[in-house]
Every structure is written in C-alpha cells, then in structure tokens.
Amino acid sequence: MKLIRKIASVISLAAAVTLAGPAAAEKIVVGGKNFTEQQLLTSMTAQYLQAKGYDVDTRAGMGSAVLRSAQENGQVDVYWEYTGTGLIVYNDVKEKLGRQEGYERVRELDKPKGLIWLNPSAANNTYALAMQADEAEELGITTLSDLADAVNGGKELVLASNAEWYARDDGYRPFAKAYGFKLPRDQIKRMDSGLTYTALKEDEVDIALVFATDGRIPAFDFVLLEDDKGFFPDYAITPVVREEVLDSSPELAEQLNQLSDLLDNEVMSSLNASVDVEKQDISDVARNFLEKHGLI
Amino acid sequence: MKQLQQSRYFQIPMLIVVFLIGVYLQRSGLIDGMLFYWEDIVYLTKQHIQLTLISGSIAIAVGLPLGIILSRPRFLHVSEWAMQVLNVGTTIPTLAILALSMSLLGIGFIPSVFGLFIASLLPIVRNTYTGLLGIPAHLKESASGIGMSPAQMLVQVEIPNAAYVIFAGIRTALAINVGTVPLAFLIGGGGLGELIFTGIDLFDTEMMLAGALMTALLAIVVDIIIAACTFLMVPRGVNPTRA
C-alpha cells in the first residue's frame with residue numbers, strides 16, 4: 001500500500017511538473033511516531049492538508065528521537081509532539097511545570113532551533129501504568145505509591161513496558177526512583193508499544209505501561225494507577241512545524257490550530273478505540289473524523 | 001617456517017591497527033557508553049542464548065529425522081512436495097512468522113521459540129535430505145553387497161558420508177537463528193533486540209551498538225562451535241577440513 005501511494009505521489013508530482021498546472025503546490029512532509037494515536041494524527045493531518053491543496057508526503061512510524069532529529073534536519077516539516085516529551089527528552093528540563101508553563105517553556109526553548117509549537121490541544125496523552133481492575137482491587141492498589149509499597153513488600157509483579165519508555169529520561173528509571181522501588185530485571189518485559197495492552201489483558205503481566213488516551217483502557221477493563229506524587233508532566237498533543245515552512249505558507253498555522261482545537265482526551269480515546277478495539281482502518285477513521293467536522 | 005614468518009609480518013601491523021581502533025573507541029567514549037548498559041547486556045545475552053539454544057535444538061531434533069525419512073526410497077514420491085512446503089515456510093518473512101505464532105500462542109517466550117524453530121528448520125532438513133541423496137550409488141551397492149541391512153547402511157555408510165553436508169545445514173540454520181532472535185523482542189520474547197530496537201527508537205547509537213555487537217559476537221561464537229563440531233565429528237575420510 002505504502003509503495004503504491006509512493007508511486008502515485010511520484011506520478012502526480014511528475015504530472016504536476018510537466019503540465020505546469022496551477023501554481024506549484026507547497027510540498028509538506030508530515031511525520032509521525034510508531035503507535036496508533038500518532039498514525040491517526042499523521043493520516044488525519046496528511047488528508048486535511050491535501051484537501052487544503054498542499055502536496056503532502058508522509059513519514060509515519062518513527063521512534064521519538066529519530067523523528068525529532070529528522071525535523072531538526074528539515075526532513076520532516078510537521079508532526080504532533082507532546083509537551084512533556086519536548087521538555088524533558090529534547091530540552092532536558094528537570095523542574096516540574098504546570099500545563100501552561102510547560103507549553104510556554106518548550107515553545108521558547110524550541111524557537112531558536114527553528115521549530116514552532118502551535119496551539120496545544122486539550123488532549124493530554126500522559127504515560128500511565130494500568131492494571132486489570134479486579135487484580136488491582138484484590139491487591140488494594142489504586143495509586144502508584146500503593147504499587148511501590150506492594151513491590152517493596154515482596155509482591156512479585158511483572159511490568160510490561162515499550163522499548164522507548166524503559167530507556168527515556170522521563171521513563172522507567174527516574175520513575176522508579178521517584179516512587180522508591182526497584183523491580184528485578186526479569187520482572188520487566190519490554191515489547192512493541194501496542195502489545196503491552198494484550199500482555200496485560202492475557203495475564204502475561206500484572207502492570208502495563210499505557211498511554212492515557214488509549215481506547216483499550218476502558219474496553220479491556222483496565223484501571224489507571226493514580227500518579228499521586230505528580231511524577232508525570234502534561235503531555236499536551238501539539239502540532240510542531242518548522243519555521244521555514246510557516247514562512248512560506250503562513251496560513252498553515254491557522255489550519256493546524258483548527259485541527260488542534262478539536263482534540264481532547266475523549267476524542268482521542270474514541271478515535272484510538274475505533275482502530276485498536278473495533279479494528280477499523282486508520283485512514284478511514286481519520287477521514288471520517290475530518291468529514292464529521294467539515295474539514296474536508 | 002617461511003609461511004609463519006610471512007604471517008608474522010602481517011600480524012604485527014594488524015595488531016597495531018586493532019589496538020589503535022580500541023584506543024580510538026575508548027577515547028571517543030563509545031565503550032563507556034556501551035558499558036553503561038552492562039546489566040542489560042548480560043541479562044539479554046543470556047536470554048538470547050537461551051532462545052537460540054532451545055529453538056535451535058528443537059529444529060535439529062525435528063529436522064534431522066525429517067530429512068532422513070524424506071530421503072528413504074519409500075517416501076521419495078512425497079519428499080519434493082514436502083520440501084516445497086518447507087520452502088514456502090521459509091519465504092514468509094520471519095517477522096510475519098513471529099506475528100502469526102503470536103496470534104496462536106500469545107506473546108513472550110513460547111511463540112518466539114516456535115517462530116525461530118520454523119525459521120531454522122528448512123536448512124537442516126534440506127541439507128540432510130540432499131546430503132543423503134547425494135551418496136554415490138556404488139557405495140550403497142557395495143554396502144548391500146557385503147550384506148548390510150538398510151538400517152545398518154544408513155547408520156554406517158550414508159550418515160557418515162553425508163555428515164559434512166548435514167553439518168553445513170546446521171551451521172547455516174544456527175547463524176540465521178542468532179541473527180533472527182533480535183526480532184523476538186517485538187513479540188515480548190526478550191533477547192538483544194531490546195537494545196537494538198530501543199537504540200533505533202531513541203537514536204541512541206551506543207545502545208544500539210551494544211546490542212548489535214553482542215549479536216554479531218554470538219553469531220561468530222556459534223559458528224566457531226559448529227565448525228569445531230564439524231571438524232571433530234565428521235569422520236576423517238570424508239572430512240575436507242581434515243584431509
């Protein structure tokens with residue numbers, strides 16, 4: 001499919017050049033990370049911008065750091081980043097900041113690098129740890145501190161994490177340190193992002209790293225453990241665009257902000273659920289959403 | 001003697017080059033960076049070896065008898081057909097095999113072992129089968145001429161003569177196996193893939209190299225071990241490495 005799309009875009013580009021048709025459209029490269037929500041956002045942004053008359057290319061399914069450096073190098077023009085990731089992972093900010101402050105700070109820090117953070121959406125896709133509702137109740141765990149107590153009290157709990165979180169600066173190691181516990185290495189299972197949900201559902205593990213906006217959390221009857229020490233910052237989903245691109249097509253900011261305004265946790269989680277639980281096609285879900293809001 | 005001296009002229013500059021590469025790596029901080037993951041490296045290498053050993057031995061345990069059975073005259077009419085089925089099995093990308101075995105067996109260790117077993121089965125069966133069929137007719141004739149039963153002929157004539165080819169198959173299979181284990185990470189099977197894939201996701205070259213170099217090292221060690229087995233276990237008369 002990807003190949004066909006690529007061939008199609010090459011042909012259309014060639015056609016556009018030879019026919020020298022309507023004033024050459026701006027070429028926009030939309031990037032995205034390697035999990036459902038990001039694939040949805042990539043597809044949504046690409047279809048939306050295409051409808052607005054841009055010539056769009058997509059680069060989906062990258063790891064955070066790879067995507068970010070691709071954007072810094074100008075290979076990706078726009079993608080949806082999370083404020084918390086921007087602060088901690090790319091700018092090494094250690095202090096705790098509120099939602100608004102965090103956004104302001106990361107916007108200021110990234111501006112000199114030529115990256116512009118547009119309006120943040122209301123969706124906060126923070127990291128969270130989830131357990132099966134009945135098991136959590138049985139063990140009396142509702143907060144992350146309870147979890148730390150249980151582990152320190154000798155309970156053998158197995159955690160599923162994706163590759164990235166385990167090694168990130170705002171990931172497992174600092175998290176475990178903040179809550180004062182340590183799991184033995186063989187009680188941490190690392191796997192592909194989407195699998196942690198399956199692993200928890202099928203009792204392969206006791207705790208899973210999840211994204212707060214994932215539709216499988218309610219669908220599989222998971223409970224999120226409350227972050228009672230406030231370890232995780234806000235991860236507001238925000239479109240980030242290269243300054244050069246904004247300079248050459250200034251109306252892009254307004255257009256993306258329109259999309260950003262529509263997103264909040266409920267919207268994201270139901271969109272994610274259509275893909276992960278109801279198994280609908282990502283580009284269909286994205287298109288339906290855009291059509292419903294009259295964007296295409 | 002002359003040969004030895006020549007090789008010594010070659011060895012000394014080689015040693016210096018290796019030493020300089022080592023110095024460079026140390027000074028650039030790459031080795032320190034990789035040693036930061038030492039705990040992970042040890043733990044994951046153990047898992048990696050486990051996965052290879054278990055899936056590899058099952059593949060040998062199944063592949064050898066299967067290859068022998070298929071080469072018997074009685075089964076020759078189905079054997080090409082069976083071999084095609086195995087061929088098709090190998091053309092499916094390993095990642096897809098892993099994904100399929102995940103949907104059958106869940107996630108984690110067991111589906112990984114199953115996927116790796118499938119991936120390394122074909123070379124073993126194929127080489128056993130080809131090796132046994134390639135035994136010259138006159139050897140078999142003289143064996144039956146001195147009154148050997150088909151079973152004696154298999155054990156005393158055919159297998160020893162085909163041993164070198166069979167070992168080559170095992171060697172290929174295990175090399176593929178070690179190199180494929182990193183994919184097991186994607187279905188929660190562990191192994192050095194954890195470092196490789198996390199390294200790629202986070203753009204952390206040291207982490208990725210820590211995983212990749214260990215994988216390469218394991219592949220070399222496995223290859224040396226099988227080569228040594230071939231050297232020792234294939235009978236002198238038909239062993240090109242000992243001629």
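**Figure 1. The contact between chain A and chain B in the predicted model.** In this predicted model, 22 residues from chain A and 18 residues from chain B take part in the contact. The area buried between the two chains is about 1800 Å², of which 58% comes from carbon and sulfur atoms. On the side of chain A, the residues that lose the most area to chain B are A:R185, A:R190 and A:L195, which together account for 31% of what that side buries.

**Figure 2. Salt bridges and polar contacts between chain A and chain B.** Five salt bridges are counted between chain A and chain B, and one of the salt bridges joins the side chains of A:R185 and B:E194, with an N to O distance of 2.9 Å. The count of residue pairs in polar contact between chain A and chain B, with both residues at pLDDT 80 or more, is five. The elements of chain A that give two or more residues to the side touching chain B are the helices α3 (64-72), α8 (163-167) and α10 (195-201), together with strand β7 (188-191). By residue class, the side of chain A that touches chain B divides into ten charged, eight nonpolar and four polar residues.

Figure 3. Strand β1 (residues 27-33) of chain A pairs in the parallel sense with strand β2 (residues 55-62) of chain A, over six bridges.

Conventions. Residues are numbered from 1 along each chain as its sequence is written. Chains are lettered from A and ligands numbered from 1 in the order in which they are written. This is a predicted model: local features need pLDDT of at least 70, side-chain atom pairs count only at pLDDT 80 or more; totals for chains, interfaces and linings use all residues. Side-chain values use heavy atoms; hydrogens and water are left out. Two strands pair if DSSP finds at least two bridges between them. Helices (H or I, at least four residues) and strands (E, at least two) are DSSP runs, numbered from the N terminus. Contact means heavy atoms within 4.5 Å. Buried area is the accessible area (1.4 Å probe) that two parts lose on being put together, summed over both. A salt bridge is a side-chain nitrogen of Lys or Arg within 4 Å of a carboxyl oxygen of Asp or Glu. A polar contact is a pair of N or O atoms within 3.5 Å; within protein, one must be able to donate a hydrogen and the other to accept it, and residues adjacent in sequence count only if both atoms are side-chain atoms. Ala, Val, Leu, Ile, Met, Phe, Trp, Tyr, Cys and Pro count as nonpolar, Asp, Glu, Lys and Arg as charged, and the others, Gly among them, as polar.
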